[in-house]
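Please look over the sequence and the model shown here, with attention to charged side chains, strand pairing and ring contacts. The briefing that follows is grouped by topic.

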Amino acid sequence: MSNKINIAIDGFSSTGKSTLAKKLAAELSYTYIDSGAMYRAIALYFLDNNIEISGSNLELASVLKNIDLRFEHQRMQLNNKDVEDEIRTMRISGKVSEVATIPAVRDYCVELQKGYGQKKGVVMDGRDIGTVVFPDAELKI
């Protein structure tokens with residue numbers, strides 16, 4: 001049996017969540033998940049594929065079936081392509097908030113995030129991590 005736990009770090013942007021989460025994950029040999037990177041990758045997909053963000057939730061939900069998000073060595077992979085650098089550009093920063101408010105996108109990301117925590121040993125940061133994604137996290141910051 002594993003003694004690993006899930007750690008949820010919640011809060012607003014630019015408060016040091018990611019810095020703390022990365023250091024904590026490294027110290028504990030846990031997996032670090034940057035939940036914001038997921039929303040950024042979806043924003044990139046929407047922009048690159050001319051997906052109308054103002055489309056219906058049902059239409060956008062069907063588009064999400066074409067998106068595969070994974071983390072490899074703490075770097076975001078979108079459909080088997082490393083997009084970590086690209087999702088940190090101003091082009092994406094200008095759209096990610098709008099994309100993150102779409103119910104279908106939030107549902108998609110939350111389900112993926114919950115899946116990451118099933119085996120324990122995860123440090124995840126972002127908004128609503130301690131309340132929505134890991135409400136039973138053993139440690140919430």
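Arg 75 counts as partly exposed at 29% relative accessibility, where buried means under 20% relative accessible area, exposed over 50% and partly exposed in between, with a 1.4 Å probe and protein chains only. The model is predicted, so local features need pLDDT of at least 70 and side-chain atom pairs count only at pLDDT 80 or more, while totals for chains, interfaces and linings use all residues. Residues are numbered from 1 along each chain as its sequence is written, and side-chain values use heavy atoms, with hydrogens and water left out.

**Salt bridges**

- Side chains of opposite charge can pair when their charged atoms come close.
- The structure holds 11 salt bridges, each defined as a side-chain nitrogen of Lys or Arg within 4 Å of a carboxyl oxygen of Asp or Glu.
- Arg 75 meets the side chain of Asp 82 in a salt bridge with an N to O distance of 2.7 Å, and Asp 82 is partly exposed, with a relative accessible area of 35%.
- Arg 75 also forms a salt bridge with Asp 85, the closest N and O atoms being 3.5 Å apart.
- This second pair links distant parts of the chain, 10 residues apart, with Arg 75 in strand S4 and Asp 85 in the loop between S5 and helix H4 (90–93); helices (H or I, at least four residues) and strands (E, at least two) are DSSP runs, numbered from the N terminus.
- Asp 85 is exposed, with a relative accessible area of 57%.
- Another salt bridge joins the side chains of Asp 128 and Arg 106 at 3.3 Å, N to O.
- Because Asp 128 lies in the loop between S6 and helix H7 (129–133) and Arg 106 in helix H6, the pair ties together parts that are 22 residues apart in sequence.
- Asp 128 counts as partly exposed at 33% relative accessibility, and Arg 106 is partly exposed with a relative accessible area of 26%.
- A network of salt bridges links Asp 48, Lys 81, Glu 86 and Arg 91.

**The antiparallel sheet**

- An open sheet is formed by 3 strands in the order S3-S4-S5, with antiparallel pairing; two strands pair if DSSP finds at least two bridges between them.
- S3 and strand S5 (81–82) are the edge strands, each pairing on one side only.
- S3 is joined to strand S4 (residues 75–78) by 4 bridges, and the two run antiparallel.
- Within this pairing, Glu 72 stands opposite Arg 75 in S4, and Phe 71 stands opposite Met 76 in S4.
- The two strands form a hairpin with 2 residues between them, and His 73 in the turn has a positive phi of about 55°.

**The aromatic pair**

- The structure has 1 aromatic pair, by a rule under which rings of Phe, Tyr and Trp (its six-membered ring) pair if their centres lie within 6.5 Å, with planes under 30 degrees apart counted as stacked, over 60 as edge-to-face and the rest as tilted.
- The ring centres of Phe 71 and Tyr 116 are 5.9 Å apart and their planes stand at 70°, so the pair is edge-to-face.
- Since Phe 71 lies in strand S3 (residues 69–72) and Tyr 116 in helix H6 (residues 103–116), the pair ties together parts that are 45 residues apart in sequence.
- Phe 71 counts as buried at 17% relative accessibility, whereas Tyr 116 counts as partly exposed at 25%.

- Strand S1 (residues 6–10) and S6 pair in the parallel sense over 5 bridges.
- Asp 125 is found in strand S6 (residues 122–126), where Asp 125 is the bridge partner of Ile 9.
- Asp 125 is buried yet has no salt bridge, and the nearest side chain of opposite charge, Lys 17, is 6.0 Å away; Lys and Arg count as positive and Asp and Glu as negative, while His and the chain ends are not counted.
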